[in-house]
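Please read them with the structure open.

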Amino acid sequence: MLNADTRDPAALPRLLLTLLALALLWPGLRLSELNPGVLLQAENRQQMGGFVSAFWPPAHDADFLSLLSEATLQTLAVATAGMALALLLAVPASLLASRALSLRAASRGGRPGLWSRVLRMPVRGLLVFLRSVPEIVWALLFVRAVGLGPTAGVLAIAITYAGMLGKVYAEIFESVDQRPAHALLQSGSGRLMAFFYGILPGAAAEVVSYTVYRWECAVRASVVMGFVGAGGLGQQIDLSMRMFAGAEVASMLLAFLGLVMLADLLSRVLRGRLA
Amino acid sequence: MTIHLHGAGLRHGQVRALDAVSLRIDKGERVAIIGPSGAGKSSLLHLMATAVQPSAGRLELLGEQPWVLSSRARQRLRARVGLVHQAPPLPPRQRVITAVLAGRLGQWGTVRGLLNLVYPSDVPGARQALAELGLADKLFVQCGQLSGGQLQRVGIARALYQRPEVLLADEPVSAMDPVLADHSLALLNRHAQDNGVTLVASLHAVDLALAHFSRVIGIREGQVAFDCPAQAVTESLLDALYANEQLASPPTPGPTLTVQIPRC
Amino acid sequence: MSRLINVLVIVAILCAVVASFGYLELDMASVIGNGGLAQMGEYAHRFLRPDLSTDHLKAVGQGALETLAMSGLGTLLAMVLGLLLALPAAGRFGWPLQAAARMVLNALRAIPELVWAALTVLAAGLGPNAGTLALALHTAGVLGRLFAEALENAPPEPAAAIRLAGGSQAAAFCFGTLPNLWPQLLAYSLYRWENNIRMASVLGFVGAGGLGQMLYTTLSLFQEAQASTVIIGMLVLVLLVDAFSDVLRQRYVRA
């Protein structure tokens, strides 16, 4: 039984993997034109340094501050309104897409039949499509469609987050204990009632927690969307950057950091309270 | 004189793990340490291995005072001492071969050490260390897939592969069946005798200790209760060592009173 | 009492939602009514016939590879940088370095990728190099913080045992701590790669190359057919990366 070979069986796979990684690295480096050295070149350093040095002191005249607070409120409003719309779309979609409410599954101990899966696929596919396209692409499209301003941001968040929330809700519904819902379905209750009495009690905490977390992400996303014209803090940062107004950019970045921290705090408080 | 403890004490916060322990162990001796649970056997071994610094007293190891040395010199000293842990500290996803070869990390340079992480450089050596413990076929298995007894044997193999001058074993056979435990202890003793290694092992099973080791030290409540050759260990010494007032036998029931309730 | 507070919280949230709509003066009626919906429908309709000519497909393919390279190398760089910063940030080199490293990591991750991209475009000029660097810098902050937390929670026994046998600090880390940590590090990195492939598309908007830049140009020139091909390319790329990362996760992360 003791074979006398001294070779490590993992040696060959490791070698092949390393060679593969190196083989992929070379074209990767060429395609991305990676050159970290540019950050250290003198003239570039000067340019960056000049830009960054204008950051101090951050702009704090009264006019600018009122503009800043308006932009911040707008960002918050875009995120909240967008999430509200997203929920409107996501909740019915998740109910449709979730296998938790499948009548076939209820009578087969949780395994949905072929038709169950097939008929749910369009809804699931739609949700995946909505979330796979980056939200900023949606923002760009909506800006072209409805013009500059926060409306585009609200619609973009609504669409993308509907996809994200819908898919995750469907998965949460499928991951809680299915037996209460199955029992209700088998005793003849409607699917919606089976959901409210059987699935929701177990899933509520996780659903609320995830939704609040996503709201926090939406706040950051709406800032990013502002860069393509969807209003709020992001649009102002973009404008100031184009004008090389370093001081204004600095204040706005600080406001952004403050906003993110506030959203994080609110998110933790709400999750502690409601979930 | 390989290990010399002079009035050594060890405190863990408020608890006195060891209290004024004085021992001398010479080169090539094979010593067993026995005692009740919580007596301080592990603490004593860790103290001797320089894993913890004594809070009182002095430790001399291989002719040096480890806690007076610089950190680098202490590392070099530690490479000459092998400690077999009670619960082998092996990452579950690490393969047995890498775990065993890690024994000589103290003697290899950084480059060779890192190289062994991706490609084991001494498969025959590791295989030999494992073969004596009956684990040669588990060479390329992940540690997380082994049983408790197998893991302990890998820990012993690592310590043997290290080829230390002093081998300290903390409950090395606690998870093994009696036959395997006997075999492993015999192996350790043979290795120590053949290579002039000083062996100190703490054991729960008194009969194993008496069977394999020539000198037995009894520890109770952090102090040395007795220190004598194996033949001189008597029943009364063992009773005194393991006496535990809290484990009183249940009171024998007195005569029960039966009451006849007349039925009307 | 706690129930009352819960109800108040929910009422507050509903008020906030209504206030948001009001503040934005979102006239959904004007967006949807007044032929607004028809306008959007017509705009969407222009996307339904993507340009599938060979030339354009080749350009989209090239852009996709560029985006893939940007996100992959950016994440890889971030892993290395993040691990280097995580070691001091977990307290391995003393308190002052820990505070400094944590500050650097917080700065790196607080600034969103787009802002980093604007800075790197300034320094490195237009093109995918700026995008890769921006992604690397931001992700290094995120991964560094996650790595530091994982490092702090890792069991110290294996490394301590190797130190006790005379091994150096580096050897103790590599043989004792890293094997336990590696699956977690890989899982975090794969998750960030999935995120970065989406961000890489976006960074193109500020000139950092790849599919994002193509999309921005085609949309600005009102070339909806070409833009729709680019969006399809983005979708395919995202789905591929998600699937590949899932495979890697199954193989190396789950034990």
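1. Start with the domains of chain C. The centres of domain 1 of chain C and domain 2 of chain C, taken over C-alpha atoms, are separated by 36 Å. Domain 1 covers 2–35 and domain 2 covers 56–253. These bounds come from an automatic or database domain assignment.

2. A word on conventions. This is a predicted model: local features need pLDDT of at least 70, side-chain atom pairs count only at pLDDT 80 or more, and totals for chains, interfaces and linings use all residues. Residues are numbered from 1 along each chain as its sequence is written, while chains are lettered from A and ligands numbered from 1 in the order in which they are written.

3. Confidence next. The model scores ipTM 0.77 and pTM 0.77. Chain C averages a pLDDT of 85, where pLDDT is the predictor's confidence in each residue, from 0 to 100. In chain C, 95% of the residues score at least 70. Where pLDDT is low, predicted coordinates should not be read in detail.

4. Chain C has 11 helices and 0 strands. Helices (H or I, at least four residues) and strands (E, at least two) are DSSP runs, numbered from the N terminus. The radius of gyration of chain C is 24 Å, well over the 18 Å that the globule rule gives for 255 residues, so chain C is more spread out than a compact globule. The radius is taken over C-alpha atoms, and the globule rule is 2.2 Å times the number of residues to the power 0.38. Along the principal axes, the C-alpha atoms of chain C fill a box of roughly 80 × 65 × 40 Å.

5. Burial and contacts in chain C. Of its 255 residues, 49% are buried. A residue is buried if 20 or more other C-beta atoms lie within 10 Å of its own, exposed if 12 or fewer, and partly exposed in between, with C-beta atoms placed from the backbone. Among contacts in chain C between residues at least 6 apart in sequence, 70% join residues at least 24 apart. Two residues are in contact if their C-beta atoms, placed from the backbone, lie within 7 Å.

6. How many residues does the contact take from chain C and from chain A? The contact takes 44 residues from chain C and 44 residues from chain A. Several helices of chain C each supply at least two residues to this side, including α4 (54–89), α9 (169–203) and α11 (224–253). The largest share, 8 residues, comes from α1(C).

7. Chain B is built from 9 helices and 9 strands. Its C-alpha atoms fill a box of roughly 95 × 45 × 40 Å, taken along the principal axes. Buried residues make up 42% of the 264 residues in chain B.

8. Chain B also has a domain assignment: domain 1 (1–80 + 166–244) and domain 2 (87–163). Their centres, over C-alpha atoms, are separated by 24 Å. The contact takes 12 residues from domain 1 of chain B and 11 residues from domain 2 of chain B. On the domain 1 side, α2 (71–78) and α7 of chain B give two or more residues. α7(B) gives the most, with 4 residues.

9. Now the sheet of chain B. It is open, with 6 strands in the order β5-β6-β7-β3-β8-β9 and mixed pairing. β5 (81–84) and β9 of chain B stand at the edges, each with a single partner strand, so one side of each has no neighbour in the sheet. Neighbouring strands of this sheet are turned by 15° against each other on average, direction ignored. Two strands pair if DSSP finds at least two bridges between them.

10. Two pairings deserve a look. Strand β3 (residues 30–34) of chain B runs parallel to β7 (residues 198–202) of chain B, joined by 4 bridges. I33(B) stands opposite S202(B) in β7(B). Strands β8 (residues 215–220) and β9 (residues 223–229) of chain B run antiparallel, with 6 bridges. I219(B) has V224(B) in β9(B) as its bridge partner. Their hairpin has 2 residues between the strands, and E221(B) takes a positive phi near 55°.

11. Helix α7 (residues 178–195) of chain B lies across β3, β6 (166–170) and β7 of chain B, running at about 160° to β7(B). Axes are lines fitted to C-alpha atoms, for helices over the stretch in contact, and angles run from 0 to 180 degrees between N-to-C directions.

12. Last, T110(B), in helix α4 (residues 110–118) of chain B. T110(B) counts as partly exposed because it has 14 C-beta neighbours inside 10 Å. Leaving aside neighbours within four places in sequence, T110(B) is in contact with S168(C), A170(C) and A171(C).
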